[in-house]
Amino acid sequence: MDLTFSERETAFRDELRAWFAANDPGPEPPHVEELHYAWRRDFQRRLYEGGWAAPHWPVEHGGRGATLTESAIYFEELGRARAPLPANVLGLLLGGPTLMAWGTSEQCERFLGPILSAEEIWCQGFSEPEAGSDLAALKTRAVPDGDDWIVTGQKVWTSGAQHSKWCMLVARTDPDGPKHKGLTYFLMDMEQPEVQVRPLRQITGEAEFNELFIEGARISGEHVVGGVGNGWKVALTTLMNERAGLAFFLQVGLRRLLDDLIDEAAARGLLDDDVAADRLGALHVKAEILRLTAYRGLTAVEKYGQPGPEGSLTKWMWSESNQELVQLAAELLGGEALVAGTPWGYELLRARGNTIEGGTTEILKNIVAERVLGLPRAR
Ligand SMILES: Cc1cc2nc3c(=O)[nH]c(=O)nc-3n(C[C@H](O)[C@H](O)[C@H](O)COP(=O)(O)OP(=O)(O)OC[C@H]3O[C@@H](n4cnc5c(N)ncnc54)[C@H](O)[C@@H]3O)c2cc1C
C-alpha cells in the first residue's frame with residue numbers, strides 16, 4: 001500500500017478536518033451508561049448528517065466509496081478529533097459489510113440506511129453459554145413455520161442488545177448434519193416479547209453486554225442472510241470484519257490513550273526516569289507496528305474484496321498492547337488510575353476483557369499459526 005497522499009486524498013482529509021472543526025464531539029462523558037451511550041449515538045447521527053458515518057461503504061449504499069487510503073485517513077482523523085466509537089459500531093463495521101457480501105438487494109435496501117443513521121442499532125448474537133470459541137457448537141434452534149422461522153435458545157455476552165432493534169443471530173437449522181453445516185444466519189427483530197434481554201454488570205460497573213433468552217421468537221424467511229444452512233460462512237465474514245475493521249478503529253484509540261499517558265508522565269517529570277521513558281518508548285513502537293499492520297489489513301481488503309485472517313493478528317496485538325498500556329498507567333500514575341470512577345481506572349478495568357472479546361488470544365494465535373503462517377493444524 002502506498003502511504004503517500006494523492007491530491008484527492010489530501011482534499012478528502014482537509015474536508016474531513018474542516019467538518020470535525022465545525023463538529024467538535026466535546027469532552028467524553030463518564031461511563032455512566034446512558035450518558036456515554038447517548039453521546040455515541042448522537043455523534044453518529046451528526047456523522048450521518050454530514051455524510052461521514054461510513055465513507056468506506058460504496059456510494060450506492062450511502063457511503064462515499066472511499067479508497068483504502070481514504071478509509072485509513074478517516075479512522076486516523078476520528079482519533080485525532082477524539083470522536084467516540086459510533087453507537088452502531090456493530091452495524092457499521094460488521095453487519096453492513098456482511099449484508100453487502102451475502103444479502104439480497106432487498107435486504108441491503110431495507111437495512112443499510114437505518115444502520116448508517118443509528119436509527120436501528122444492531123447487536124451480534126453469536127456466543128452461547130456453551131459455545132464461545134467453539135462457535136459451531138451452538139445449540140439455539142430455528143425451526144420452519146410456514147415462510148417464517150421459530151427460534152428458541154440462549155445467547156450470552158450480547159453487547160448493546162439493550163439498545164438494539166436487530167440481532168445478527170446464528171442458529172442451528174439442521175440438528176442432524178455436521179456441526180458447521182447445519183447453521184443459518186438470521187436477522188432477528190429484538191422488539192418482540194419472546195426475546196428477553198437481561199443485562200450483565202461488568203467489573204467497570206456498567207453493563208455493556210447481556211444475556212438473551214429467546215423463547216419461540218419469530219423471524220421472517222426474508223431475514224435469512226446467505227441461504228439456509230450457509231450460516232457458518234456468513235458468520236466468518238462477520239468475524240473477519242470484526243477483527244480487521246474494529247482493530248483498525250481500536251489501534252487509533254490505543255494511540256490516543258498512549259499520547260494521553262505520555263502527556264501525564266511528562267507533567268509529572270517522569271520522562272526523565274529512564275525506566276518509565278523506556279517502557280513508554282516500547283509502547284510507542286508497538287503502536288506504530290500495529291498501525292502499519294492495520295494498513296496491511298486494508299490492503300487485503302483491496303486484493304480479495306474482504307478482510308483476511310491477518311485481522312486476527314492486529315486484534316491480538318492490540319489487546320495485549322492495550323493491557324500493557326493501562327498497566328503502565330497504573331504504575332506511573334498510581335492512585336489516580338486505581339480509583340473507580342476515574343477515566344484511567346475505567347480503562348484499567350475495561351481492558352481485562354480485551355483478550356477475550358472478538359475472539360480470545362489463544363484462538364487468534366491458532367488462526368495466525370494455521371491460516372497466516374500455514375503451520376499444520378493442532379487438532
Ligand atoms: C466485552 C465483551 C464483549 C462481548 N461481546 C459479544 C457480542 O456482542 N456478541 C457475542 O456473540 N459475543 C460477545 N462476547 C463473547 C466472546 O466472543 C466470547 O467470550 C469469546 O469468544 C470466548 O468464548 P467463551 O467466553 O465461551 O470462552 P471459552 O470458549 O469457553 O474459552 C475459555 C478459555 O479456553 C481457551 N480456549 C478455548 N478453545 C481453545 C482452543 N481451541 N485452543 C486454545 N485455547 C482455547 C480460550 O482462549 C479461553 O481462555 C463478548 C465478550 C466480551 C468479554
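## Helix 4

Is helix 4 mostly covered or mostly exposed? Mostly covered: 11 of its 14 residues are buried, where buried means under 20% relative accessible area, exposed over 50% and partly exposed in between, with a 1.4 Å probe and protein chains only. Before going on, a word on the source: this is a predicted model, in which local features need pLDDT of at least 70, side-chain atom pairs count only at pLDDT 80 or more, and totals for chains, interfaces and linings use all residues. Residues are numbered from 1 along each chain as its sequence is written, and side-chain values use heavy atoms, with hydrogens and water left out.

Back to helix 4, which covers residues 89-102. Its buried set is V89, L90, G91, L92, L93, L94, G95, G96, P97, T98 and L99.

## Helix 3

Helix 3 spans 68-80 and has 13 residues. End to end, C-alpha to C-alpha, helix 3 reaches 18 Å, close to the expected 18 Å. Helix 3 is mostly covered as well, with 11 of its 13 residues buried. Those are L68, T69, E70, S71, A72, I73, Y74, F75, E77, L78 and G79. After helix 3 comes R82, with a positive phi near 60 degrees.

## The cavity

Now for the empty space. Rolling a probe the size of a water molecule over the atoms shows where such space is left. A cavity here is a set of points, on a 1 Å grid over the protein atoms alone, where a 1.4 Å probe fits but cannot get out; lining residues have an atom within 4 Å of a point. Grid points are joined across faces, edges and corners, and a volume is the space filled by probe spheres set on the points. The count comes to 1 cavity of 30 Å³ or more, and the largest cavity has a volume of about 70 Å³.

Which residues line the largest cavity? They are A53, H56, Y74, F75, L78, P86, V89, L92, L93 and F249. Helix 3 and helix 4 each supply at least two residues of that lining. By type, the lining divides into 9 nonpolar, 1 polar and no charged (Ala, Val, Leu, Ile, Met, Phe, Trp, Tyr, Cys and Pro count as nonpolar, Asp, Glu, Lys and Arg as charged, and the others, Gly among them, as polar).

F249 sits in helix 6, residues 231-267, and counts as buried because its relative accessibility is 11%. F249 and L78 are 171 residues apart in sequence but 8.6 Å apart in space, C-alpha to C-alpha. Both are in the cavity lining.

A118 is in the loop between helix 5 (105-117) and strand 1 (122-125). Its phi is near 70 degrees, a positive value in a residue other than glycine, and A118 is buried with a relative accessible area of 0%. W157, in the loop between strand 3 (148-156) and strand 4 (166-172), also isn't a glycine and has a positive phi of about 65 degrees.

H31 lies in the loop between helix 1 (7-22) and helix 2 (33-49). At 25% relative accessibility, H31 counts as partly exposed. For G221, look in the loop between strand 7 (209-220) and strand 8 (224-225); G221 is 38 Å from Q251, C-alpha to C-alpha, at 30 residues apart in sequence.

## The whole chain

The protein chain has 11 helices and 8 strands; helices (H or I, at least four residues) and strands (E, at least two) are DSSP runs, numbered from the N terminus. Along its principal axes, the C-alpha trace spans about 70 × 45 × 45 Å. Buried residues make up 50% of the 379 residues.

A compact globule with 379 residues would have a radius of gyration near 21 Å, and the chain's 21 Å agrees. The radius is taken over C-alpha atoms, and the globule rule is 2.2 Å times the number of residues to the power 0.38.

Terms used: Expected span 1.5 Å × (residues − 1). 1 Å grid on protein atoms, 1.4 Å probe; cavity = no way out; pocket = protein on both sides within 12 Å on 5 of 7 lines; lining within 4 Å.
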